[in-house]
Amino acid sequence: MQNAKYHLRCLECGKIIPDRYTNTCPEGHDCLLRTVYNRKRIRKLSGKGMFNYIDWLPVEEMLPVNTNPITYKSEELGKELGLENLYLSFSGYWPEKGVFMKTCTFKELEALPTLLRAKERAGEKILVVASAGNTSRAFAEVSSLTGMPVVAIVPRSCIYRMWTTTEPENHDSIFLITVDGDYSDAIATSKEIARREGLLEEGGVRNVARRDGMGVVELEAAFSMKVLPDYYFQAVGSGTGAIAAWETFIRLIDDGRFGRKMPRMVISQNLPFAPMFSAWQDGRAEIIADKDMRNAEVAIKEMYADVLSTRNPAYSIKGGVYDMLASTKPLQGLRINPYRVFGVVGAEPLHGAEPHNGKMYGITNEECKRAEKLFENTEGIDLDPAASVAVASLIKALEEGYVKKEATILLNVTGGGYKRLKKEFKMYEIEERMELKSNSLGQLPLDEIEGELKEFVRAL
Ligand SMILES: *Cc1c(COP(=O)(O)O)cnc(C)c1O
Ligand SMILES: [Zn+2]
């Protein structure tokens, strides 16, 4: 362990943990683990895609990919909104800008290091991933390119998101299961299935490879902007991406070359299903289903950006979204010490990092669509619906006067370029191997699933 390039640290007990694809504290603490990298000043390599930032990725090897987000200063949208220093991070397909993510969202940044970490740390086990589609598509594409197998579980209603740009003969390493129900039903099913022999629960927000993979967005932004932004805007579903951004900003502050000021984290959800927004507005650290997720089924169906529809977001968990927003909140009436979360992370507390406001917006479908049109017309690329939520939240923050015109803003455009991709590539549907009718766990045909999976493994 002395020579390891990183280790994990529990945010509850501070214990240092060697990584054996470890997603939870061995002492049983219910909190996030965080990666601590030996290298405090990150290098940016070249020509390696996202692995340019391997210093701060929990993997040893690199995969030969050209997956990388870009950051550029907006001219047109910035002008339209009267902003002088608007920077856009774009994850998706937009070759004219030098970004080639063929699954069209920042989930691709999670899939690559996660599959690699599983291979390096968990050997022959097969990863089980649940999602509303974008995550599973990213894992499927990477699987089809590398041959690293994956079991992907998605709600039936989201199967149209399951395609790759690789031809079907490359789909042998993908075992796609659909379930009746929503994103959360897919997660519950995956937890049950992952208990089978030879399978490995991917881990979601608890998986440091997912968070640090998405942190590449902020690393790319920091190297491009040379300084941390005053404000960071992102749409959230599970909260993983925003937590990743926050953790990466903490590391970058520790690095020292990009300024010492923590950006204000401005996150957004799509109404009517916005449990974290609802709880935060109410000043609560806990999500209460009866208050924050009333009529969930109907509400989720009404969403413009239903990839943001998780019922179990990483809100209350230590090191999660509540801590993120609260630790950047002014001191009065604060439940926690703003430095608490920082304190256990790095070797030393952060000096000079003043607390700032975190903020959350609820965005209507109408606001999404208006923002999306404006973005397409000004920047010239189509958006994933979830990214339009973030664009709309920036417009709202400006209208409210929350953001000053001269502020330096980083808007994370988490997905887009589908229309652009279609001009060049064929999208091949992934065939489902199993369809689970019931979303009630007690009735899962586990024997049958086990048999099918054994067959799948044998054929690999
Ligand atoms: C998943 C997703 C999000 C939300 O990310 P979380 O980490 O789940 O909060 C935002 N935008 C796009 C395009 C996504 O696919
Ligand atoms: Zn612990």
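How many aromatic pairs does a search of the whole structure find? In this predicted model, the search finds twelve.

A pair of aromatic rings is described by the distance of the centres and the angle of the planes. For Tyr 72 and Trp 94, the ring centres are 5.9 Å apart. Their planes meet at 80°, so this pair is edge-to-face, the class for angles over 60 degrees. Tyr 72 belongs to strand S4 (residues 70–73), and Trp 94 to strand S6 (residues 93–94). The pair therefore ties together parts that lie 22 residues apart in sequence. Tyr 72 is buried, at 11% relative accessible area. Trp 94 is also buried, with a relative accessibility of 6%.

Phe 223 lies in helix H6 (residues 216–225). Phe 258 lies in the loop between helix H7 (240–255) and strand S14 (264–270). Parts 35 residues apart in sequence are thus tied together by this pair. Both Phe 223 and Phe 258 are buried. Together with Tyr 53, these two residues form one aromatic cluster.

Charged side chains also sit over rings. The charged end of Lys 97 lies over the ring of Trp 94, 5.3 Å from its centre. Trp 94 thus takes part in the edge-to-face pair with Tyr 72 and also has a lysine over its ring. Elsewhere, Lys 359 is placed over the face of Tyr 402, at 5.2 Å from the ring centre.

How values were computed. Residues numbered from 1 in each chain as written. Chains lettered and ligands numbered in written order. Predicted model: local features only at pLDDT ≥ 70, side-chain atom pairs only at ≥ 80, totals over all residues. Heavy atoms only, no water. Phe/Tyr/Trp six-rings, centres within 6.5 Å; stacked < 30°, edge-to-face > 60°. Helix = DSSP H or I, 4+ residues; strand = E, 2+ residues; numbered from the N terminus. Buried < 20%, exposed > 50% of the residue type's maximum accessible area, 1.4 Å probe, protein only. Lys NZ or Arg CZ within 6 Å of the ring centre and 35° of its normal.
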